[in-house]
Amino acid sequence: MEVEERMEEEDKEEDELSSDEDVEEESLKEIEELNEKLSRSPFDYHSHITIIKLLRKTGELEKLRDARNVMAKIFPLTQALWLEWIEDEKKYAESEEDHNRIVELFEKAVKDYICPEVWLEYAQYSIRWLGSEDGLNRIRDVMERSITAVGLHVTEGAALWEMYREFENAMLQNLQPAPGSVSTAEQQEKIKKQSNKIKTLFKRQLAIPLLDMQTTMQEYIEWCEDEIDSNTKVMYEKSLKQFEELKPFEDALLQTASPKLEEYQNYIQHEIKLGALERVQCIYERALVENCLNSDFWIQYLKYMSYQIHSPKLLVDVHLRSVRNCPWTGQLWVLYLLALERNNANKEKLNDVFEEALSSGFTSASEYVVLWRTRCSQIRRRISNGSEEIEELRETFVKATNYINDKLYPAFDDTGDDNYSMWTFWARCEAGCLKNHNKAVDILQTLTQDNADARRKICIWREWYNIERLYGGDDKLDKCRSILRQAVQNCAILPNSERGGIPDAEVACEMLLDFEREFGNIEEMDESRRRVTNKMSKVTKRREKDAASASAYIQRPRKKEWQPRQQKGNKQSGPMKRKSSGEDKSHDKKGDHGGYHEEQKRMKTEESPSTSSSGFKTPAGLPVRYGNESKSPSKPTAVSSTGSKPPPGFKGPPPGFKNKPPPGFKGQIMPSDRNNNKSQDISSHDAEPESDNKTIFVSNLDFKLENIEEKLQEIFSKCGKIDEIRVARSHNGNFRGFVFIQFTDENSAKEALKLDRQHINTRPMFVSPNVDKKKHPNFKIFRYEVGLEKHKLFISNLSFKTTEETLREEFGKHGTLKALRIVTNRSGQSKGLAYLEYENESEAAQALLKVDGKEIDGFNVKVEISNPPKRNPQSGDQSKSLLGGGDGRQFQGRGRGRTQLSLLPRSISQSSSKKTQNGDSSNSSSGGMSNKDFAKLLNK
C-alpha cells in the first residue's frame, strides 16, 4: 500500500510539473506576441501591463525588470505598479548595489504622482541606513521630504507625521541613560535637544488641518510634561476649525466615483479663496492621480503653478510629468519647451524635447504649427552676432514650411495655418532681426504668386505693407501703394467670419484710401478711388445676393403638418394622407430608428381611426377586420360587423393568415377572420400602449425571410423569456419587414436592444424601443456621438470588398482598437466607410499619420479624425438632406424623379407659392382646395 501511495503521489507531482510547463510555454508564446505588438505600437499601455503580469508568473527577473523599465520610460506608473515593482526587487536584494537600485526606484516613484503609501514604504526602508555614515541625516531628509509632499493631505497625511514622530521618539529612547546610572551634562543636553525636535513636530502637525486631530492633541498633552503654550492652542483651534470647513469637500470626494473632477474643482476654488497656496497644490496633485489623462486639467494646473510658484526647476518637473501623461497634446509640449528655456536648458536638451514632441502624434494640424512657431522663436532669441544661429533659424523656417505643406496637409486635409502665420513670421524675422529686407519681400512675393489662397488673404498683404513701411528704402511709399492696390485687386469678396462678416476686400479698400489720404496726391487719390469703387461694387453685389438667399430661405414654404380630413355629417376621420417625404425619411443614413414610422418608406398608407357603435375607438392603422362597424370603402373585408357582404371580385385572405388582436383589445373578432387569418397587420402605436417598456421593435428585415418566428425566437430568447412575437403582414399575407417582440420583463427588453445591427441573412436588423414617434416626435435613438472625437478615426474611400479583418490588421499596428464599424446600407452592403476607435488620442493620431493615403485593397484610403455633423432635430429639415435639396419642396414617397413632369398648371403653382411666401397659411393648413377655388385660379 505504501508503495502504491508513493507512486500515486509521484504521478500527481509529474502531472503538476507538466501542467506548469504547459502554462509556462503558453505564457512565453504570449509574451513573444505582445513584444512583437509593442515593437509596432510602443504606446499600447495594456500590452505593457500584460507582459509584466506574465513575466511575474514565469519568474524571469531580468526580463521583468527590462519590461518595467521600458514602460516607465514611456508612461508614468501608478502607485500600485511602483509598490509591486519595489516589493519584487526587495525579495532578491542581497548586495548594496541591489539596495541602491531600490532607492532609485523609490526616487522615481515619488516623482510621478502624489503617493502617500510609497512615501511610507520609502521612509520605513530608509531606516536601514541607521548606523551608517551620515545615515541619520539621510533618514531625516527622507522624512522631511515625505511630509513636504504629502503632509498636507487631509486624510492620509497624518500617517507620515506619526511615523516621523515615532522615529524621533525611538532616537530619544536611545539617548536615555541605562537604568541605575546618572546621565552626564552632555547626555542631558542631547536629550533636551531631541525632546525639542519631537515637540516641534507635534506643533507643526497640530497647525495643519488633518484627520483625527483630537487624538494627536491628546498624545501631545500626555507626552509633554509642561503645560501647553497658548500659541499652540490657538493654532490647534484654528486648524480644527479649518478641518470642519474642509470636511464637506472630503466627504464629497469619498462619496463620488472617479474621476471626481467637479468635486476637486470646487475644493480647489475654496482653497484659492482662502489663499492657502500649498494646500491648493496638494489638492491639484491629488486630483491628477484620478485625472492624469485630462490635458485641460494639466494646463490649468501649470498656469496656476507658473503664476504662484517662482521656481523654474520645480516647474520643469511638473511640465515633464504633464507631457508624459498627455503626450498627444501640443500645448503641453509648447509649455514644456518654454519652461526649459526659462530654466536655461542647453541647446541639445531643447532639440531633443522638440523632436520628441514632433513624433508624439497630435490630433490637429494647428498644434504642429504652434510647436514649429515656438521652436523658431526660441532659436531667434538665441541669435547673437554670429552666423551659426542665423543659418539655423533659416533652416528651421524652411523645415517648418515644408513640414506644413508636405506632411500636415496630406494627413489632416488642412495646413493648420489658415493665415500663413509661419510665412509672415519668417518674413518679419528676416526684415527685422536678420536685417535682410530683400529676403523678406522674396518670401511674401513667392507666397502670393504660387498660392492662390494666400493671395486672397488680407493678412498677407498687411504684413507685406507693414514690412515695407518699416524697413523699406527711399521708394517705400510707391511700393506700399503698389502692395495695397494688389491687395484690393486680389482679396476675397466673401464675408470673413473672423471680422464679423466684413470681407477681406473691404479691409484692403479702407487701407488703400487711408494711405492715399496720408501720402497721396490728387491724381493718385483718384486712381485709387476708381479701383476701390470697382471692387466695392463686386462686394455690394455679393452682399445683395447673400441677402436675397437669406430672405428666400426665411420666406421658404413651410411644410404642412398632417390634419385628418373631417367628413361632412360625421365626426369620424377619413383615410389618412400619405406622409410627406420629411416624415417618411426619418431613418437617416446614420441608422437612427425609433419605431413603426421609420418603415413608412416600405409600407402602404394607414387606415384612419373609427368608432364602433359601442363607443370603442379602434386604434389608427388597425385592420378593419377587428370589429370596425364603419368600414372605409377602400378597405373591404370578408364580413363586416353589420353582416354586409364583400363587393364582387373580393378575394379573401390567404390560407393560414393569422388574426390575433393586440394586447388590451376589447373589440369583437369576426369568426371568419379567427378561423382563416394567422398574421396581423399592425403598427407600433396601435399594438402597444404608450407606457409599455417590455416590447421592442425590430425592422429592416428581409421581405423574403423564411421561418421568421423561429429565427427571431432563437436570437432573442438569449435575452429573456419571450411572451409573444407579432409579425407584421400586409392584407395579402406578405411579410412587411418588421415585427414586435414582447418580453416578460423590462430588463429582457433592454438586453435585447444590444442586438441592434446584428445581421440576419447578410442584412442588419434595427432593434429599438416600441415608441410612437407621432406622439413623441423628439424621440431619437442615435447610437453614435456627434462632434469631434479625437480618439476615433473616420476612414473613407474604402473598397466595398474590404473586411473588418483587413482593417484590424492594418490599423492594429498603431495601437489597441476598442471598436471597429464598417458603415453598411440596409441590405448589409458596405458603403466604403468605416469608424475606428482607439484607446487614446495618441494612437489615433499615429494611425492617421501612417495610414492616410495608403493603398488598401486597391484603393487609396482617406483617414480623418472623427467629427460627425450635428443632427437637425426637426424632421422637416431631414427631408432636405435626404432629398439633396433645400428648396422646401415636398414629394410623396421617395420624392419626384428627375424625369417626372409636374402636371399642375403653372398659374396654380405660382399662386400657391405667392400665398405661402406672403405668410398666408390659411390655405396651406387646410385639407385642400375646392372646385370653386380651382375655377377661380384657371379663369385668371
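## Confidence of the model

pLDDT is the predictor's confidence in each residue, on a scale from 0 to 100. The structure described here is a predicted model. Across the protein, pLDDT has a mean of 78, and 73% of the residues reach 70 or more.

Another covers residues 653-681, with 74 contacts beyond four places in sequence. Where pLDDT is low, the predicted coordinates should not be read in detail.

## Overall architecture

The protein has 940 residues, of which 44% count as buried. Its secondary structure consists of 36 helices and 14 strands. Among contacts with a separation of 6 or more, 61% join residues 24 or more positions apart.

The accessible surface amounts to about 51,600 Å². Carbon and sulfur atoms account for 49% of this surface.

## The second largest pocket

The volume of the second largest pocket is about 1,400 Å³. Its lining is formed by 44 residues, and those closest to the centre are Val-110, Lys-111, Asp-112, Asp-317 and Arg-321. By class, the lining residues comprise 24 nonpolar, 15 charged and five polar.

Several helices contribute at least two residues each to this lining, including α3 (61-74), α5 (96-112) and α7 (135-150). The largest share, eight residues, comes from α15.

Methods
Residues numbered from 1 in each chain as written. Predicted model: local features only at pLDDT ≥ 70, side-chain atom pairs only at ≥ 80, totals over all residues. Heavy atoms only, no water. Contact = heavy atoms within 4.5 Å. 1 Å grid on protein atoms, 1.4 Å probe; cavity = no way out; pocket = protein on both sides within 12 Å on 5 of 7 lines; lining within 4 Å. Points joined across faces, edges and corners; volume = space filled by probe spheres on them. Helix = DSSP H or I, 4+ residues; strand = E, 2+ residues; numbered from the N terminus. Nonpolar A, V, L, I, M, F, W, Y, C, P; charged D, E, K, R; others polar. Buried < 20%, exposed > 50% of the residue type's maximum accessible area, 1.4 Å probe, protein only. Areas by Shrake-Rupley, 256 points an atom, 1.4 Å probe, with all protein chains shown as cover.
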